[in-house]
Amino acid sequence: MDTIRTRSLFRNLLGFALAIITIAAATGILFLLRDRLNLSTIALLYLVPLLITTTMWGRWIGIFSAFVAFLSYNYFFLQPYYTLVVHETQDIITLIIFLVVSVFISQLFGRARAALKAAVDRESETTRLYELSLALAGVSTLDEIASVLAHKINETVHTDMLELSIRPVYGETPYRLSIPVDNRMKTQPSVIIPLETVRAFLGEIRVWSRKTSLSSGDQKILRAFAAQAALALERTALTHAETRAQVLEESDRLKSALLSSVSHEFRTPLATIKAATTSLLSDEVSWEAQARKDLLNAVDEESDYLNYLVGNLLDMSRIEAGALKPNKQWNILSEIVDNVLVRLHRTIGRFRLDICIPDDLPLVPVDFSQMEQVFINLINNSAKYSPEGSLIKLEASTQNGKNLRVKIENEGPQVIPEHLDRIFDKFYRVTEPERVSGTGLGLSICKGIVEAHGGHIWAENVPGGIAFIFTLPLELDGHSPPQIEEAENI
Amino acid sequence: MNNSAHILVIDDEPQILRALRTILGGHRYRVTTARNGEEGLALAAVEKPDIIILDLGLPDMDGIQVCEQLRQFTEVPIIILSVRSNESDKVKALDHGADDYLVKPFGTEELLARLRVALRHLVKSKGEPETVITSGDLVIDLTRHLVSRSGNEVKLTATEFNLLAYLASHANRVLTHQNILNHVWGIEYRDNVEYLRVFMSQLRKKLETDPKQPVYLISEPGIGYRFITES
């Protein structure tokens, strides 16, 4: 503040000094030419430096110059020379003319300058607004809008502190942004400008300025900014509402697909269980030991299958909710596969198996149980669609030591190329739902798990069958697979 | 075998209680039931059962809490029987004093096997600790640091032996990864599951007839390992 005052005082003093220099220079030139000029011409010529000083430095310096010019004219050119005695009315008139010319010109220029400044201001205001609306067009979230707005306000208006508070419109959390960040002003803000549209009040801009109040121009541009930002906020809210509606509609569609798939899927094993148990409970037939055992085995198998279906549904809902956080650890792939093969022994007994996992395969960074689930679903899927006694082949390898690549190949029916991607979608089936059992979730669960591990999964048609392939990065928290030495130190 | 052991079942599902009463009664166990945690804790203190079967989802308190409170006054084996199949739930229960964990739906054979393990452990812990552990054709001599398979000595490295000895002295019980790492490698290795994986794979190659279908050293995915001494 003090520096500003000092600077303006300095600028004024400089103006006065320059005015004196200008007049002095003019006087010098006129003095040299005084023999060739008559007095009235000299008086007339004094108007030139006067014009210059007035236009350059404003009214007060203009008036000051008028006095200086008159005194010089009087001192050097009017008789008696080198005195400041005013003799005649004519000299007084010269002085008055000098003064009138200065004041008049300064006012003329002042007005022109003010008009120019207004035009420049208007132009810069328009430019700022244009820049703001351009910047707002590219953003779509609440905090982006707030930061663009705060940035532009800071560029345009001098503030000591700025606070934006934005109300949640569509479920977002209320947003507050202060510049500087942790500086809590205890005083009342200088200006509060609401962010509102015809429909709603969306928040406000609070500005603190150490000047008593902001200039009306600043307030005007702040209000224009607020209107722009409010529109952007409203647009965001509307887009949000629309996407939400779409998401709801989509999830509704999925839910009904799920319900119909699930109720169909659950009824089949339940029908077997009900039939077997009611037969056993019946007093009419006395079942032979073998028949009893068959019925009970059916109940046992079907209840396992029901449990598997429920597990699939839970996995899917976890994937949908984004709650599937793999607990990645360095594991031995063949241990996972061996575990799966033991668990699936009933299913895979009906097929020929070819497992090819090299002994020197590095440790793989995976969640043991989730990876088991991937293998279970891929092998079950192969078993479901392939003819009995056909070959299921599992191959693991590394790609440049950077990725793990696993391929599970079967001799089942091929899928037309356009559908190869879609078989990983929920409830997508190549065949009629009635013909093959399952929730239609198995492959999409595999996809969910593999992607949660940072990998990719896809299907390819291969000669005589189809292959599922997935790759996973061989990296955990930036480390490559550890080599665990047999060397003993314990 | 003397099957008149007393089992306390804490579960709020009447169907499960009914089934367990029938099944366990049929195997000549004495069964007491409790419908919530409060009642379970009271019965555990008064009746002094030999084994407790505990559900995690109880109406009045969480099963983990019940587990912790039980451990304040009794060392009775606790078998968790729950629909929660998350590894984190299992590990949490085992870390809070449970001895074993079985997921619903369960097979009766599995439950009876776990009960037998718990009972045997109970009898053992009252007597002298065993120094020689036998399982099938495998003999582990803990004091002499000797392991033999069908009478032939199996050469194990020191770490392999420590690992096997730790698992074998808690035979048939599931031990969590962290627990094993903590005891065999030391606390600073408790998160390095890869050590366990690699050494377990080496042990299987040396001890199992088919390392791909192990019968002694069984993985409990996401939880830990179990050394089996009975089929």
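Colleague: In which segment of chain A is the place of Asp477(A)?

Modeller: This is a predicted model, in which local features need pLDDT of at least 70 and side-chain atom pairs count only at pLDDT 80 or more, while totals for chains, interfaces and linings use all residues. Residues are numbered from 1 along each chain as its sequence is written, chains are lettered from A and ligands numbered from 1 in the order in which they are written, and side-chain values use heavy atoms, leaving out hydrogens and water. With helices (H or I, at least four residues) and strands (E, at least two) taken as DSSP runs numbered from the N terminus, Asp477(A) falls in the segment after β11 (465-473).

Colleague: Is Asp477(A) buried or exposed?

Modeller: Although Asp477(A) is not a glycine, its phi is positive, at about 50°. Buried means under 20% relative accessible area, exposed over 50% and partly exposed in between, with a 1.4 Å probe and protein chains only. At 70% relative accessibility, Asp477(A) therefore counts as exposed.

Colleague: What is the relative accessible area of Ser150(B)?

Modeller: Ser150(B), in the loop between β8 (146-149) and β9 (152-153) of chain B, has a positive phi near 50° in a residue other than glycine. Ser150(B) is exposed, and its relative accessible area is 51%.

Colleague: Which residue is joined to Pro105(B) by a cis peptide bond?

Modeller: Pro105(B) belongs to the loop between β5 (100-103) and α5 (108-126) of chain B. The cis bond, with omega about -5°, joins Pro105(B) to Lys104(B).
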